[in-house]
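Let us work through this model by question and answer.

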Amino acid sequence: RLALVARDDYPALLRAAAFAAQAGAALLPVADVAAIDPRWAETWPGAQTFVFTSDRKPATGAGAIVVRDDGEALKALRAFAPDRHPTTLVVASPADRDGMFSPSSLSLVAPLVSAIHDAPLLLVRDKSPEAVEQQALAFIDAHRLPTTHIVLV
């Protein structure tokens with residue numbers, strides 16, 4: 001399995017790293033996912049390819065599965081383990097890298113936490129406590145997760 005992602009697409013890179021760790025996939029950051037020559041797949045015959053992007057436009061790659069959000073990443077993981085019922089959800093905000101005074105970038109460790117707990121990763125847009133709670137509950141409900149723990153990174 002291969003997880004391709006543009007190295008400058010931070011949210012997609014976090015998602016791809018969490019996926020790769022849980023799916024046993026190779027993580028391959030590239031300069032531009034859309035510019036990949038479709039013939040690249042010939043170098044890894046038989047490899048199942050996942051293209052992670054934050055763009056809504058279709059990515060290139062014959063036979064590649066495009067993953068654009070956290071729900072699609074969970075769906076791709078469940079394809080390998082249909083009986084997968086994670087009880088933990090890992091929540092992070094890629095926006096923690098923004099700002100002049102608090103670029104903590106703790107979201108960088110979110111894929112590792114996700115892999116350790118074998119848990120889906122949810123990237124939130126708004127960091128306010130109410131918004132995070134609403135987004136987490138909506139994700140849990142939408143994907144019917146039997147969540148007992150939420151880890152905030």
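Rings of Phe, Tyr and Trp (its six-membered ring) pair if their centres lie within 6.5 Å; planes under 30 degrees apart count as stacked, over 60 as edge-to-face and the rest as tilted. This is a predicted model: local features need pLDDT of at least 70, side-chain atom pairs count only at pLDDT 80 or more, and totals for chains, interfaces and linings use all residues. Residues are numbered from 1 along each chain as its sequence is written, and side-chain values use heavy atoms, with hydrogens and water left out.

Q: What pattern does the protein chain follow along the sequence?
A: Helices (H or I, at least four residues) and strands (E, at least two) are DSSP runs, numbered from the N terminus. The protein chain has four helices and seven strands. Read in sequence order, the pattern is β-α-β-β-β-α-β-α-β-α-β.

Q: How many aromatic pairs does the structure hold?
A: The rings of Phe19 and Phe50 have centres 4.7 Å apart and planes at 55°, so this pair is tilted. Phe19 sits in helix H1 and Phe50 in strand S3, 31 residues apart. The rings of Phe19 and Phe52 have centres 5.2 Å apart and planes at 50°, so this pair is tilted. The number of aromatic pairs in the structure is two.

Q: Which residues do ring pairs link into a cluster?
A: Phe19 lies in helix H1 and Phe52 in strand S3, so their pair ties together parts 33 residues apart in sequence. The pair of Phe19 and Phe50 also links distant parts of the chain. The cluster joined by ring pairs is Phe19, Phe50 and Phe52.

Q: Is Phe52 buried or exposed?
A: Buried means under 20% relative accessible area, exposed over 50%, and partly exposed in between (1.4 Å probe, protein chains only). Phe52 has a relative accessible area of 1%, so Phe52 is buried.

Q: Which residues is Phe50 in contact with, leaving aside its neighbours within four places in sequence?
A: Contact means heavy atoms within 4.5 Å. Phe50 counts as buried, because its relative accessibility is 1%. Its contacts beyond those neighbours are Leu2, Ala3, Leu4, Phe19, Ile65, Val67, Ala76 and Phe80.

Q: Why does Thr88 count as buried?
A: Thr88 is found in strand S5 (residues 88-92). Leaving aside neighbours within four places in sequence, Thr88 is in contact with His117, Ala119, Pro120, His149 and Val151. Thr88 counts as buried because its relative accessibility is 10%.

Q: What is the relative accessible area of Gln135?
A: Gln135 has its place in helix H4 (residues 129-142). Neighbours within four places in sequence aside, Gln135 is in contact with Leu122, Leu123, Val124, Arg125 and Asp126. Gln135 is buried, and its relative accessible area is 13%.

Q: What share of the residues of the protein chain count as buried?
A: The protein chain has 153 residues. The share of them that count as buried is 41%.
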